[in-house]
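Good morning, and thank you for making the time.

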Amino acid sequence: MRVTRLLLGGAAVLALAGCGAGGQTKAVPPAATGSLESLAAEVKCRPDMQTDADEIRQAICTNTDGKFILATFATDRGQREWINDAKDYGGYYLVGRKWVAVGDDGVVKALRGTLGGDVELGTNHAAHSAHGG
């Protein structure tokens with residue numbers, strides 16, 4: 001366990017120093033935290049609020065990378081339930097601590113370079129539509 005912590009700590013130091021596979025790949029930053037407005041400011045968009053409730057705040061954002069949905073959640077459980085339901089619609093999900101950004105592949109990759117987080121994929125329905133669906 002201690003060795004794992006040391007290895008992870010060393011990897012974090014290398015990532016922060018910009019040392020990767022030959023310096024050719026950009027390290028993903030640690031996942032951002034904060035309010036919807038602060039996350040939107042990080043990626044240079046003005047959020048168009050769609051939902052402003054205690055449990056979820058959701059906005060449509062557009063920046064130079066494209067259009068995406070940005071949502072923040074009051075609880076981890078609420079976030080996971082929302083993601084699990086939303087994934088049925090397909091798409092690309094950039095997931096951080098109590099926030100999600102949803103957009104096409106290129107937008108999510110670009111946002112990840114600023115916000116960090118993990119990419120999750122929604123259900124691919126292409127096979128269904130190829131059969132007359």
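**Leu-70 and its surroundings**

Leu-70 is in contact (heavy atoms within 4.5 Å) with Leu-36, Leu-39, Ala-40, Arg-57, Gln-58, Ala-59, Cys-61, Val-100 and Ala-101, leaving aside residues up to four places away in sequence.

Before going further, a note on the basis of these values. This is a predicted model, in which local features need pLDDT of at least 70 and side-chain atom pairs count only at pLDDT 80 or more, while totals for chains, interfaces and linings use all residues. Residues are numbered from 1 along each chain as its sequence is written, and side-chain values use heavy atoms, with hydrogens and water left out.

Let me turn to the cores. A nonpolar core here is a set of buried Ala, Val, Leu, Ile, Met, Phe, Trp, Tyr and Cys residues joined through side-chain atoms within 4.5 Å. Buried means under 20% relative accessible area, exposed over 50%, and partly exposed in between, with a 1.4 Å probe and protein chains only. The largest nonpolar core has 17 residues, and those with the most contacts inside it are Phe-68, Leu-70, Leu-94, Ala-101, Leu-111 and Leu-115. Two or more residues come from each of α2 (36–42), β2 (56–63), β3 (66–73), β5 (99–103) and α4 (105–115). These labels follow DSSP runs, with helices (H or I) of at least four residues and strands (E) of at least two, numbered from the N terminus. Helix α4 contributes the most, with four residues. A second, separate core has nine residues, including Ala-86, Val-95, Val-100 and Val-102.

**The chain and its sheet**

The chain holds five helices and six strands, in the order α-α-β-β-β-α-β-β-α-β-α from the N terminus. Of its 133 residues, 30% count as buried. Among contacts between residues at least 6 apart in sequence, 46% join residues at least 24 apart.

I shall now go through the pairings. β1 and β2 are antiparallel over four bridges and form a hairpin with three residues between them; Thr-51 stands opposite Gln-58 in β2. β3 is mostly covered, with six of its eight residues buried. Four bridges connect β3 to β5, again antiparallel, and Ile-69 is partnered with Val-102 in β5. Four antiparallel bridges also link β4 (residues 92–96) to β6, where Val-95 is partnered with Asp-118.

**Helices on the sheet**

Which residues of α4 are buried? They are Val-107, Val-108, Leu-111 and Leu-115. Seen down the axis of α4, the buried residues fall within an arc of 95 degrees, so they line one face of the helix; the arc is that of the directions from the helix axis to the C-beta atoms. The buried residues of α4 pack against α2, β2, β3, β4, β5 and β6. At the start of this helix, a side-chain oxygen of Asp-104 comes to within 3.2 Å of the backbone nitrogen of Gly-106. After α4 comes Gly-116, with a positive phi near 70 degrees.

**A buried glutamate**

Glu-120 is buried, with a relative accessible area of 17%. The side chain of Glu-120 makes a polar contact with that of Lys-87 (2.7 Å). A polar contact is a pair of N or O atoms within 3.5 Å; within protein, one must be able to donate a hydrogen and the other to accept it, and residues adjacent in sequence count only if both atoms are side-chain atoms. Glu-120 also touches residues including Arg-80, Ile-83, Tyr-92 and Val-95.

Technical notes:
Two strands pair if DSSP finds at least two bridges between them.
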